[in-house]
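Welcome! Please take a look at the structure below, and then we can walk through parts of it together.

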Amino acid sequence: MPVQFYNPRRWFKQLSYLLLAVSLLCACSSGYKLVKSGRTDYSINKEIAADSAIIKTYLPYKAKMDAEMNRVIGQSAILMSKKSSDTLPESLLSNFFADAVIQQALKIDPAIDFAMPSTKGGLRVDLPKGDITVSNIFELMPFENQLIVFTLKGSDVQRLLDFIAASNGQPVAQLKMKISNKKPVDVWINGERFDVLKNYRVLTTDYISGGGDNTQGFENPVDKKMLDLKVRDALLNFVKEAGTAGKVICSKSDGRITKD
Amino acid sequence: MEELQRIKRRGFITKSGLLAGSAALSLSSFDALGAFSADHRKRNTLNAGEKDALNRLGADQQALVNGEVVKLCILHTNDVHSRIEPFAMDGSKYQGLGGTARRAALIGKIRADEANVLLLDAGDIFQGTPYFNLYGGEIEMKLMTLMAYDGATMGNHDFDNGLEGFHKQLPHAKFPVICSNYDFSNTVLSKSTVPFKVFHKGGLKIGVFGVGIELKGIVDDKNYGDTVYIDPVSKANEMALLLKEELKCNLVICLSHLGYSYKNDKVSDKVLAAQTRNIDLIIGGHTHTFMDVPEDVMNLDGLVTTINQVGFAGINLGRVDYYFERYKGKHVNTGSPYLISNQV
């Protein structure tokens, strides 16, 4: 085989390796300059066909979840309507809600004076007469609110009472009052007349205490204690316990908030 | 509950004076460049018309002829809150919107068109539907893995079942959890998260780090245990400097669960953007803010830090594309602005 002194092809190959090496040396990060940006967002709606692999993955979870959500956990003697709760100072639904939540909270902290665990607006749907399912409770309370016991000065409790009266009543337990000209009068807390000079321990939620639905009075607490119990779990536990004990839930209007 | 905010549409170019300088770089030449790059990737050659178009570019852009344009596509979500299926058709505000099956299909379509895609999430993967209450986040992690998420940071609700509850779901998550300002050293998550991650895409290096909100007061103490919260602004500056200067990343992304903006002086994405250097993009969350367009904030170096957040529940998928021009030879960083457009 003749010796090739000059192979242009090989020479070219070597040169390209050299160039590649040089360009690799230069191709450090500073070899790129950001020149342009474009952005958008996409609405994830029914115009987009679904990926069946995803559906196939979550379907077994969904089937089991739907079965759990449809599980009957208790019974109610009567329909508790959201509409009456929205319009009346007290209602079957608001009393049920507040009583169930305080009953469960008292197991963790027995020194609660009274409760306002939601606003009327926070009660999302009716609770039906007859079977109560897990789903009913999730729909009534879809939010993840946590229960907290606030120690409030009497003057702050007064502001909370003023709010309750001005907003034509809210779901409360262990609290009795009259609303006169949108002001609270004749207020009783846990069987004793309200004393503005005393501190009170009030059960509520992270949402309400943060000023949710314009609630007043929780801004400067003397103390606060998380109960590590969600409102929804309190409601679920209450209904389950009643169901297990064979008791039918029977909410009553007992005149805890009345109007002149 | 986080307040839902609706941000008014902003004319970013008119508002951001710092971008006015980009007018000097002819819009039309960059548009030509954009069109060129997509084609170029496929063929690696120029046709006569393209050569002609490039020859018409000014002397400043002559480097482009030698260079190559690399496009990076960032897709992002935040606060998906266990929304596996679309919202039920029950008359509620977002009825029929969202859903992982549709999101996955859309992501697949974009991936088919784009060579360099990063898919990221800014936290609050957990909580919001019975899927979480019943399965503790298992299905959320599995579906994100199926969608091939490249990374996510943690939101406050990801602590809802405690550190143990999050840890338990990590075998289902085949993507890194990126947390820079939570020190988990003395917790069960000590080996579960990374403070940053460098991704390599099309020759580019993309640095991603994550900052989370102060947990005290919004998460039950026992759910975050011995997690140590570190000031997000100083940590972000430290991370971004490391990624951009030491690790030579071409782009630095901050996944943030701080929230878009607050009326008080609480640290937010807007505060973070203005008080840091070296961050190109903040993908935000927590406040469930539907931003009509991303917001461009001037950072400490007088450069653009972009903030974007796409509401919650997977109702929207966000997309930010970046185009990089490759220089052969020594590149002098002029810090000149880049062209921003609210379309892709």
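How many helices and strands does chain B have? Chain B has 11 helices and 17 strands; these are DSSP runs, with helices being H or I of at least four residues and strands E of at least two, numbered from the N terminus.

## About the model

This is a predicted model, where local features need pLDDT of at least 70, side-chain atom pairs count only at pLDDT 80 or more, and totals for chains, interfaces and linings use all residues. Residues are numbered from 1 along each chain as its sequence is written, while chains are lettered from A and ligands numbered from 1 in the order in which they are written.

## An enclosed strand

Let's start with β3(B). In strand β3 (residues 117-121) of chain B, 5 of the 5 residues are buried, so the strand is largely enclosed by the rest of the structure. (Buried means that 20 or more other C-beta atoms, placed from the backbone, lie within 10 Å of the residue's own; exposed means 12 or fewer, and partly exposed is in between.) B:V117, B:L119 and B:D121 point one way, B:L118 and B:L120 the other.

## Its neighbours

Strand β2 (residues 69-77) of chain B runs parallel to β3(B), joined by 5 bridges; strands pair if DSSP finds at least two bridges between them. B:L120 is the bridge partner of B:H76.

Strand β4 (residues 151-152) of chain B also pairs with β3(B) in the parallel sense, over 2 bridges. Here B:A152 is the bridge partner of B:D121.

## A helix

Next comes α10(B). Its buried residues include B:P232, B:A236 and B:L243, whereas B:S234, B:E245 and B:E246 are exposed on the other side.
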